[in-house]
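Please walk me through this structure in the viewer. Tell me what to select at each stop and what I will find there.

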Amino acid sequence: MSGRTLGARADLGQNAAMLATSDLGHGIHAIDTGFVRPHFDASHLVVEGAEAAFVDVGTTASVPRLLAALDGLGLPRAAVAYVIVTHVHLDHAGGAGELLRLLPQARLVVHPRGARHMIDPTKLWAGVTAVYGEEKARRDYGTLVPVDPARVTEAPDGFTLELGSRRLIFLDTPGHARHHFCVWDEASRSMFTGDTFGLAYPELASARGAFVMPTTTPVQFEPEALVASIDRLVDYAPQAMLLTHYSRVTEIERLASDLRRQIGELAALGRAADGKPDRALRLREGVRERVFGWLHDHGTPLTTDEIDALVSLDIELNAQGLEAWLDRDRRG
Ligand SMILES: [Zn+2]
């Protein structure tokens with residue numbers, strides 16, 4: 001903390017933003033985007049020499065927090081060379097258009113399948129309102145700002161980016177979404193995983209360590225592809241995975257094997273419920289039962305109410321995503 005007395009409101013705002021920013025070492029900072037609740041949605045900032053890159057940015061409402069984090073680190077806005085979005089779901093990429101408008105030197109780096117949706121967000125918005133309804137979508141995600149196509153870099157599998165003297169490598173990782181890549185940071189031997197390596201909210205950890213669970217959000221969940229993508233990430237032998245929900249985990253092998261098992265259970269649940277008249281209800285209840293079971297096996301100290309408060313949204317989205325997968329599967 002600085003020795004200055006707290007006075008100006010601007011200082012208080014900046015201090016609050018810095019409290020929500022953690023230094024993970026190797027020039028990597030986790031910034032809480034403020035979406036949904038604390039420790040739900042992270043943006044990561046990679047700083048190398050005079051350059052910086054954001055990896056995932058939250059929603060339009062998150063942008064002031066990201067700018068405050070830059071200010072807090074003494075980085076000018078022109079230092080940000082890249083805004084990287086792991087995929088175009090709005091809790092990862094919704095704020096990219098607004099952020100780019102305020103960062104004069106930055107380019108957007110996005111999966112080739114996601115680029116057109118960042119340039120013209122109409123379809124993206126329609127997809128979100130289909131899941132949440134117009135009113136909730138507007139309240140939670142704000143307005144989507146289109147990105148100038150001249151500022152877009154598409155990153156196919158194997159694409160590399162130099163950030164100062166640091167190399168970032170992009171891996172196509174379908175399974176959660178077909179417009180998803182993960183980013184390997186050679187310098188820290190860590191992987192920015194977006195949603196591919198699941199969700200690990202810190203509150204769900206127990207004495208046995210971090211708890212992870214897959215996210216099967218609509219509309220492009222593919223269990224086999226997701227397991228193959230996880231295997232590919234693990235092959236890099238990372239020292240850490242940096243998840244958007246929420247930030248740094250280690251114990252990679254244990255978490256990866258938990259995810260493989262859980263994805264198998266969710267796919268089996270989906271296949272068993274498919275064709276039944278009460279499929280939606282079976283899936284919602286089945287996903288909830290499994291998530292609670294995994295947490296209890298992990299020795300969670302949380303009560304049922306506490307668990308529901310943390311994961312009921314993901315249970316609902318995972319159930320909906322299983323439905324979307326089964327419907328797509330049937331259409332072939
Ligand atoms: Zn996602």
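This is a predicted model: local features need pLDDT of at least 70, side-chain atom pairs count only at pLDDT 80 or more; totals for chains, interfaces and linings use all residues.

**Stop 1: the zinc ion**

Select the zinc ion together with H87, H89, H176 and D195, which coordinate it at 2.2 to 2.3 Å. The donor atoms are NE2 of H87 and H176, ND1 of H89, and OD of D195. These 4 donor atoms subtend angles of 87 to 173° around the ion, so the arrangement is irregular. Along the chain, the donors are spaced as H-x1-H-x86-H-x18-D. H87 and D195 link distant parts of the chain, as they are 108 residues apart. H87 sits in the loop between β5 (80-84) and α3 (90-93), and D195 in the loop between β11 (190-194) and α8 (223-235). Now look at accessibility: H87 counts as buried because its relative accessibility is 0%. D195, at 3%, therefore counts as buried too.

**Stop 2: T244**

Next, select T244, in the loop between β12 and β13. Its relative accessibility is 3%, so T244 counts as buried. Beyond the neighbours within four places in sequence, T244 is in contact with F40, D41, A42, D56, H92 and G194.

**Stop 3**

Strand β2 (residues 28-32) pairs with β3 in the antiparallel sense over 5 bridges; D32 has A42 as its bridge partner. β3 is also joined by 5 bridges to the antiparallel strand β4 (residues 51-55), with A52 in β4 as the bridge partner of V47. β3 and β4 form a hairpin with 2 residues between them, and G49 in the turn has a positive phi of about 60°.

**Stop 4**

In soluble globular proteins, nonpolar side chains tend to be buried together. Select F54, L108 and F197: these have the most contacts inside the largest nonpolar core, which has 83 residues. Helix α9 (residues 252-273) supplies the largest share of this core, 9 residues. Another core, of 17 residues, lies apart from it and includes V46, V55, A81 and L168. Return to F54 and show its contacts beyond four places in sequence, among them I31, L45, L66, Y82 and L103.

**Stop 5: the six-stranded sheet**

Which strands form the open sheet, and in what order? There are 6, in the order β8-β9-β10-β11-β12-β13, with mixed pairing. β8 (160-163) and β13 (247-249) are the edge strands, each pairing on one side only. On average, neighbouring strands are turned by 25° against each other, direction ignored. β8 and β9 (residues 166-172) run antiparallel and are joined by 4 bridges, and L161 has L168 in β9 as its bridge partner. Helix α8 packs on the sheet, touching β9, β10 (181-185), β11 and β12 (240-243), and its direction makes about 155° with that of β9.

**Stop 6: V287**

Finally, select V287 in helix α10 (residues 279-297). V287 counts as buried because its relative accessibility is 0%. Its C-alpha atom is separated by 9.2 Å from that of E265, 22 residues apart along the chain. Leaving aside neighbours within four places in sequence, V287 is in contact with L266, L269, I315, N318, A319 and L322.

Conventions: Residues are numbered from 1 along each chain as its sequence is written. Side-chain values use heavy atoms; hydrogens and water are left out. Donors are N, O and S atoms within 2.8 Å of the metal (3.2 Å for Na, K and Ca); water is not among the atoms, so sites may look incomplete. Four donors count as tetrahedral if all angles lie between 85 and 135 degrees; four count as square planar and six as octahedral if opposite donors are over 155 degrees apart and all others between 65 and 115; anything else is irregular. Buried means under 20% relative accessible area, exposed over 50%, partly exposed in between (1.4 Å probe, protein chains only). A nonpolar core is a set of buried Ala, Val, Leu, Ile, Met, Phe, Trp, Tyr and Cys residues joined through side-chain atoms within 4.5 Å. Contact means heavy atoms within 4.5 Å. Two strands pair if DSSP finds at least two bridges between them. Axes are lines fitted to C-alpha atoms, for helices over the stretch in contact, and angles run from 0 to 180 degrees between N-to-C directions.
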